Amino acid sequence: MHSTSAKLHKKAFREDQTHMPDKEKNERQGPSVSPQEALDFHSMGRPGKLEITPTKPMATQRDLSLAYSPGVAVPVQAIAEDPSRAFDYTTRGNLVAVISNGTAILGLGNLGALASKPVMEGKAVLFKRFADVDSIDLEVDTEDADAFVNCVKLLGPSFGGINLEDIKAPECFIIEQQLRELMDIPVFHDDQHGTAIIAIAGLINALHLTGRDMQSTRLVCNGAGAAGIACIELVKSLGFRPENVILCDTKGVVHKGRTEGMNQWKSAHAVETDRRTLADALDGADVFFGLSAKGALTPAMVKSMAKNPIIFAMANPDPEITPEEVAEIRTDAIMATGRSDYPNQVNNVLGFPYIFRGALDVRATTINDAMKVAAAQALADLARQDVPDDVAAAYQGNRPKYGPNYIIPVPFDPRLISAIPVAVAQAAMDSGVARKPILDLDKYTNELSARRDPIASTLQRIYDRVRRQPKRVVFAEGEEEQVMRAAVSYANQKLGTAILLGREEQIKDTARNAGVDLSKPGIEIINARLSRRNGIYADYLYERLQRKGYLFRDCQRLINNDRNHFAATMVALGDADAMVTGVTRNYSTALDDVRRVIDARPGHRVIGASVVLARGRTVIVADTAVHDMPDAHQIADIAEEAANFARRMGYEPRIAMLAYSTFGHPPGERSERVQEAVKILDKRRVDFEYDGEMAADVALNPRLMQQYPFCRLSGPANVLVMPAFHSASISTKMLQELGGSTVIGPLLVGLNKPVQIVSLNAKDSDIVNMAAIAAYSAGA
Ligand SMILES: NC(=O)C1=CN([C@@H]2O[C@H](COP(=O)(O)OP(=O)(O)OC[C@H]3O[C@@H](n4cnc5c(N)ncnc54)[C@H](OP(=O)(O)O)[C@@H]3O)[C@@H](O)[C@H]2O)C=CC1
Ligand SMILES: CC(=O)C(=O)O
Ligand SMILES: [Mg+2]
């Protein structure tokens with residue numbers, strides 16, 4: 001590293017450290033769990049963490065004939081003729097086996113195949129949760145390497161990849177090497193390479209922050225097993241000098257001439273030295289890698305390390321030393337552990353889901369060094385970027401900022417799914433191991449984000465359209481930090497110009513304190529009080545409100561002092577294309593402000609529609625914002641608006657008019673109102689599918705709907721019109737909180753100009769989504 005920049009980084013490091021009170025710096029950040037909680041978690045409901053669900057309908061005789069005999073014979077023959085067709089007709093292309101014999105379960109030691117099952121199930125669900133890779137755990141009850149290899153090799157046709165886990169050294173090296181030779185799918189021992197990739201990513205950033213370079217930094221790795229050996233191999237391949245890397249195990253330093261407890265993998269890293277113990281090795285060292293066991297690093301050893309030591313105590317579940325213990329001795333360390341409840345979690349969970357995702361998507365034959373380095377570099381780069389609210393939320397609202405306490409992204413960072421697999425896939429293609437290269441990497445990146453979060457696929461189309469036709473969006477609450485972040489994100493994503501409304505000095509102060517850079521192109525600040533358009537805006541408002549009890553003075557005041565009125569008037573008069581507000585004011589107040597300025601589109605009714613994404617299914621619910629107790633005509637109007645909205649979102653509407661009853665049973669006044677609304681739609685001869693009244697389960701479940709053969713819906717409803725605001729609001733909020741659904745909205749539909757209102761205290765990611773939706777509604 002260049003010496004000036006090294007000095008600068010050192011300075012930044014010192015400043016960051018001095019701003020950080022020691023307590024805060026090393027305290028546990030996440031929830032810690034009690035043993036009882038851990039047992040309850042695993043036993044509640046169905047024991048374990050995994051279930052298997054079919055992806056094809058299995059409801060009728062025909063389904064059975066297709067899925068099983070006789071239909072299944074056709075793909076069987078196709079695969080027999082051409083094995084690559086297995087990727088088209090079976091789960092193989094997206095299925096990874098997590099396989100262990102339980103000989104090195106975390107840092108708990110050899111507790112056997114069965115005891116390893118909770119960890120392996122855990123890895124399998126993480127594959128799914130983070131990267132939409134289907135995964136199954138297999139515990140193989142043998143310590144014999146040949147038997148293990150034979151077992152896995154014979155299982156090969158079932159899977160697209162093999163993730164070996166928690167197999168002790170040195171057998172793990174033999175097993176992995178043999179399987180890599182025998183199999184034509186990626187075989188990856190996660191404790192070796194997954195760990196090495198994440199540790200290297202963290203190390204790259206820790207070196208950067210402390211102004212060190214790879215050639216002269218001295219590293220000591222305690223633990224000469226699967227993880228330790230793989231880590232130092234990758235460290236050396238990146239440029240560390242072999243003589244600067246000392247490996248230790250239970251017998252101390254692995255030095256030339258040592259015979260006790262050695263094997264060929266350790267010997268490859270033996271150094272010429274007279275240091276014999278871990279304490280000797282650490283004296284003056286820059287970096288400690290702990291891949292050994294709880295408590296292996298003592299405070300005295302930490303004390304003897306160089307200035308600004310880098311300490312990665314990665315043993316699980318308990319690290320070699322705790323961050324609290326380190327903080328007692330010195331305040332200049334960069335500290336990481338393998339746990340999620342401290343800052344800087346260096347854990348292979350950050351890697352394996354995404355590395356396999358990238359490898360599977362190009363049908364890689366293997367996971368090679370180029371792919372590993374690409375993953376590490378992509379991870380390191382990500383930590384240096386500004387983080388979105390979702391990450392702050394995962395850390396109880398603390399927004400991590402690149403520095404000693406944030407050298408590596410957290411597992412819940414939503415950007416990982418698009419960043420890492422792309423880097424891995426690209427490296428696989430470049431290094432010639434991809435059997436199915438990806439031609440359009442931009443498209444692939446978009447598809448990746450959709451894999452993790454169903455919201456993304458719906459929003460993707462919207463973002464793409466806005467990017468092609470960028471819009472000027474006014475952010476009415478420009479002085480709020482999360483609004484500024486949203487505006488920056490809007491501009492960065494090339495969606496158009498973000499206009500922040502507020503006092504310039506105030507906005508700039510807040511931005512400076514929050515570390516938000518507003519100097520980039522695409523961001524404008526407008527102070528309503530100083531705007532030259534105020535006169536015109538006040539005239540416009542007076543024209544609208546003079547017969548509603550407002551004096552000209554009142555209108556001037558609203559324009560000068562109230563940002564919602566000013567912003568809405570900007571949109572009404574074409575100075576901005578769309579508006580977003582709501583962070584500081586409750587929904588109905590903000591809506592009243594907007595309605596004073598903007599009417600419903602002629603012939604339309606303003607409603608709120610929420611988009612609910614649940615278990616791969618998207619349903620639009622209306623009216624979730626405006627009408628409290630709609631009468632029959634209003635319910636019919638809501639259905640029409642919701643149908644328009646569904647079409648704009650790309651869905652052909654099938655509307656269920658919901659009630660607590662289904663087609664007259666049980667009878668009741670509220671249901672009659674819905675029946676009446678259906679008759680009104682009949683008279684209007686609308687051009688979409690609708691029927692009702694019906695209960696929500698009938699609307700959504702095809703089997704239940706079949707009991708009403710006269711029902712006019714051709715399939716399960718994708719738009720649910722609720723009988724009243726309370727049922728709409730209660731059901732969407734329950735779906736969000738209990739059902740694990742993602743709910744976007746309420747979105748305002750039917751206004752003459754595009755305005756969206758977010759919920760109070762919305763996060764920056766919600767605000768930017770709403771801004772994009774508003775911009776999308778602004779059309780061509
Ligand atoms: N944070 C992460 O993502 C990961 C962390 N790990 C952690 O790393 C550790 C090792 O795992 P793994 O490599 O798979 O296991 P292995 O069984 O393959 O290797 C363990 C190694 O640690 C050494 N060791 C054990 N106790 C001590 C001690 N007190 N002092 C010095 N050396 C010791 C052993 O020495 P010897 O050779 O003399 O027996 C051996 O070399 C575990 O705690 C595990 O949880 C592993 C993978 C990922
Ligand atoms: C994280 C992990 O794989 C381990 O500790 O073994
Ligand atoms: Mg492991």
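This is a predicted model: local features need pLDDT of at least 70, side-chain atom pairs count only at pLDDT 80 or more; totals for chains, interfaces and linings use all residues.
A residue counts as buried here if 20 or more other C-beta atoms lie within 10 Å of its own.

S14 has strand partners. With strand S11 (residues 471–475) it pairs in the parallel sense, over three bridges, and Met 579 in S14 stands opposite Val 474. Strand S21 (residues 755–757) also runs parallel to S14, joined to it by three bridges. In that pairing, Ile 757 of S21 is opposite Thr 581.

In soluble globular proteins, nonpolar side chains tend to be buried together. The largest nonpolar core in this model holds 121 residues, and Cys 231, Ala 375, Leu 379 and Val 424 have the most contacts inside it. Helix H10 (residues 190–210) supplies the largest share, 11 residues. Because domain 1 (63–185) and domain 2 (193–430) both contribute residues, this core lies between them. Beyond its neighbours within four places in sequence, Val 424 is in contact with Tyr 354, Ile 355, Gly 358, Ala 359, Met 371, Ala 374 and Ala 375.

Ligand 2 remains to be described. The residues surrounding ligand 2 are Leu 106, Asp 166, Asp 190, Asp 191, Asn 316, Gly 338, Asn 347 and Asn 348. By class, this shell comprises four polar residues, three charged residues and one nonpolar residue.

Technical notes. Residues are numbered from 1 along each chain as its sequence is written. Chains are lettered from A and ligands numbered from 1 in the order in which they are written. A residue is near a molecule or strand if its C-beta atom, placed from the backbone, lies within 6 Å of it. Ala, Val, Leu, Ile, Met, Phe, Trp, Tyr, Cys and Pro count as nonpolar, Asp, Glu, Lys and Arg as charged, and the others, Gly among them, as polar. A nonpolar core is a set of buried Ala, Val, Leu, Ile, Met, Phe, Trp, Tyr and Cys residues joined through C-beta atoms within 7 Å. A residue is buried if 20 or more other C-beta atoms lie within 10 Å of its own, exposed if 12 or fewer, and partly exposed in between; C-beta atoms are placed from the backbone. Helices (H or I, at least four residues) and strands (E, at least two) are DSSP runs, numbered from the N terminus. Domain bounds come from an automatic or database domain assignment. Two residues are in contact if their C-beta atoms, placed from the backbone, lie within 7 Å. Two strands pair if DSSP finds at least two bridges between them.
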